[in-house]
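Have a look at the fold first, and then we'll go through some local details.

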Amino acid sequence: MAIETDVLIVGSGSAGLCAAVWLARRGIDFHIIEKRDGPLRIGQADGVQCRTVEVFESFGMRDEMVKHAYWVNEVCFWSVECHPETGEEFPDRIWRTDRTADVAPGLSWQPHVILNQARLNELLIGDIEKHSSRQIEYDAAATAVEVNSEEAGDHSARAVTVKASKNGEEQVYRAKYVLACDGAHSTIRKSLGYKMIGDSTDVVWGVMDIFPVTDFPDIRKKVSIRSDAGNLLIIPREGDAMVRFYLQLPDGTAAKSVRLEDLHETARKILSQYTLEIKSTFWWSAYSIGQRLADHFSKDDRVFLTGDACHTHSPKAGQGMNLSLQDGYNIGWKLAAILKGEAPPSLLKTYNLEREKTASDLIDFDRELSKLFSTKAKEHRDVVAKQFSDYFIRSGKYTAGLTTTYEDSSITNAKVSSQELAKNVTVGMRFPSAQVVRFSDARAKQLARHLQADGRWRIIVFGGDVDNADCQERLEKFSDFLTSKSSPIVKFTPRGADPDEFIEPVLVLCGSRRNLDDNVVNERWSIPEVFYPVKKPFQMRDPHKVYVDDESYNYGHGHAYETLGVDPNVGAVVVVRPDQYVSMVTSLDDHDGVAHFFEGYVGSQASTNS
């Protein structure tokens, strides 16, 4: 008999597991099938960009991930040595030409780290098992997929059929939705007749994880070396001993003919002025650079391609695993919202709109970066090295994963936003952060840490300085709106649920926390009850939704209003999606705009109190 499920995830890579975390936490029925005989043991990916660390933090898994990781702090650039006065070249020698912080200050409150993909997957699997009884079905290889076009219009129907080979026997799955997370050679993509469009170069690179004994001074830093013997990228690995080498191999090299000895010899030539003894090689491979994008990312809003199944690129920018995981982060919350009755199925159209552009932008970036990486040092030596280091430094925000910008849709509304009210909070981008102080317990905290991945929307209200009578009046009127019949909180929160279960209001004030506290204690002013709701199971008030932009006892002043570009005398309202991306920026007077936005998102799907 066919196994029926709401969501079938084909493949247990980063994208599939990240989507499954959303589904498990929200109580959605799903299955994961994987053609391998067990979990990933040695992951080829290792770079974990700042945005991915933010994602893990939103799931509450950040500390466990980073405590064993290597933290990338500095990038050094080396090139062929020249005499400082005569300009005479020494082709057998290299020298450090530049250095920079790996992540520029202020880009993110999280670090860029190096950690094996197998360990990241292990953390995701552990969280899935914590929140769900589902186990990954190994030794189950998908062989074909079919969408019933007659049933596809009925989103309550299990209109997708997937056939799989499990232990030599055919198994059939029927699902409402299918996620193709089965890699660059995706069976699901091929079964749909979709193709990968793009090209590859003749440049071949080798990669190896080694345990080196060397006197090269920057062996525990991220390093780019350009020499006449070849180009080398060094990335230290977790554990303080292993190092990854990416090596450009000579022209005419065929990836299939590369031997480990070839990689060792090339590394010794590039670092010839230093000693290099490779004690052990943990893993190695060789590949040619290619950038490809699927011609379709979905089928009938029922089957969705993610990760390498729809985009492939070189590992130089450290984006592959990160982009894949964030594909799953994007589609996971949306499927959960639809299956929970919180959003219409049309929400799924935003997956293509958002992730196709993100993948396309990455391929364009990767193509330029790979070109600069692969340019020989002796070709235009006077400009190439400087051009490469400058480009690498300029692209730091991109490689940190912080430039993704989603276009206008039902859940991203830049056209009607008042961007000038929060100049550094960009509609369509992930919500930036700044330190604030929690009013209830004087704890300094990054504001973005409040935005946990639990499926809730947030209305972040920057109420300004309430010593200002105008600010106080605007805040009180907006708070009254949030508790009125026209409020999306009142209209769309399911009956019997906590008042913040669907939309959580968060208040950020500006000024002296002590003065504010005195005014509250002395009953000269009170925090609006919408930010202080009574919740189950004990009918206690939740005091943790109010923050102040003020000095903390131990961590100084976060200057959140200044950092985010909000005028304390005016304030702002920021609507944030469940995946931490900004949907809307507007004023505290725009009650109708906030109500209209959620009407457009929810439609007739959610439970109401009317």
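Which residues of helix 4 are buried? Keep in mind that this is a predicted model. The buried ones are Gln-117, Ala-118, Leu-120, Asn-121, Leu-123, Leu-124, Ile-125, Asp-127 and Ile-128.

## Helix 4 and its surroundings

Helix 4 covers residues 117-131, 15 residues in total. From first C-alpha to last it reaches 22 Å, close to the 21 Å expected at 1.5 Å a residue. An α-helix has 3.6 residues a turn, so residues three or four places apart point the same way. That's handy when reading the list of buried positions, which includes Leu-120, Leu-124 and Ile-128.

What sits over those buried residues? The cover includes helix 1 (14-25), helix 2 (50-58), helix 3 (62-66) and helix 7 (320-339), along with strand 2 (30-33) and strand 3 (47-48).

Seven strands line up in the order 20-19-25-22-21-28-29, forming an open sheet with mixed pairing. Strand 20 (444-446) and strand 29 (582-586) are the edges, each pairing on one side only. Going from one strand to the next, the twist averages 30°. Strands of a sheet pair through backbone hydrogen bonds, either parallel or antiparallel.

Val-436 has Lys-445 of strand 20 as its bridge partner. The loop between strand 19 and strand 20 holds Ala-442, whose phi is near 60°, a positive value in a residue other than glycine. Ala-442 counts as buried because its relative accessible area is 19%, and the cut-off is under 20%.

## Aromatic pairs

Across the whole structure, a search turns up 16 aromatic pairs. One of them is Trp-333 with Trp-457, an edge-to-face pair at 6.0 Å centre to centre and 85° between the planes. The two partners come from distant parts of the chain: Trp-333 belongs to helix 7 and Trp-457 to strand 21 (residues 457-464), 124 residues apart.

Both Trp-333 and Trp-457 are buried. They also belong to one aromatic cluster, together with Phe-597, Phe-598 and Tyr-601.

Val-113 is part of strand 7 (residues 112-114), and it's buried, with a relative accessible area of 0%. Not counting residues up to four places away in sequence, Val-113 touches Asp-46, Gly-47, Val-48, Val-53, Val-66, Ala-69, Tyr-70, Trp-71 and Val-72. For a sense of scale, Val-113 and Tyr-351 are 238 residues apart in sequence and 27 Å apart in space, C-alpha to C-alpha.

Is Arg-237 buried or exposed? It's buried, because its relative accessible area is 0%. Arg-237 sits in the loop between strand 13 (230-236) and strand 14 (243-248). Its side chain and that of Glu-238 are joined by a polar contact of 3.2 Å. Leaving aside neighbours within four places in sequence, the contacts of Arg-237 include Asp-46 and Tyr-70, and Val-113 touches both of these too.

Beyond its neighbours within four places in sequence, Asp-218 is in contact with Cys-76, Trp-78, Arg-96 and Val-223.

Most residues other than glycine have a negative phi, and most peptide bonds are trans. With that in mind, check Asn-167, where phi is near 55°. Asn-167 lies in the loop between strand 9 (160-166) and strand 10 (169-180), and counts as exposed because its relative accessible area is 60%.

Where's the cis peptide bond? Go to the bond from Lys-536 to Pro-537, with omega near 5°. Pro-537 is in the loop between strand 23 (534-535) and strand 24 (540-541).

Terms used: Residues numbered from 1 in each chain as written. Predicted model: local features only at pLDDT ≥ 70, side-chain atom pairs only at ≥ 80, totals over all residues. Heavy atoms only, no water. Pairing = 2+ DSSP bridges. Helix = DSSP H or I, 4+ residues; strand = E, 2+ residues; numbered from the N terminus. Axes fitted to C-alpha atoms, helices over the stretch in contact; angles between N-to-C directions. Expected span 1.5 Å × (residues − 1). Buried < 20%, exposed > 50% of the residue type's maximum accessible area, 1.4 Å probe, protein only. Contact = heavy atoms within 4.5 Å. Phe/Tyr/Trp six-rings, centres within 6.5 Å; stacked < 30°, edge-to-face > 60°. Polar contact = N/O pair within 3.5 Å; in protein donor to acceptor, adjacent residues only side chain to side chain.
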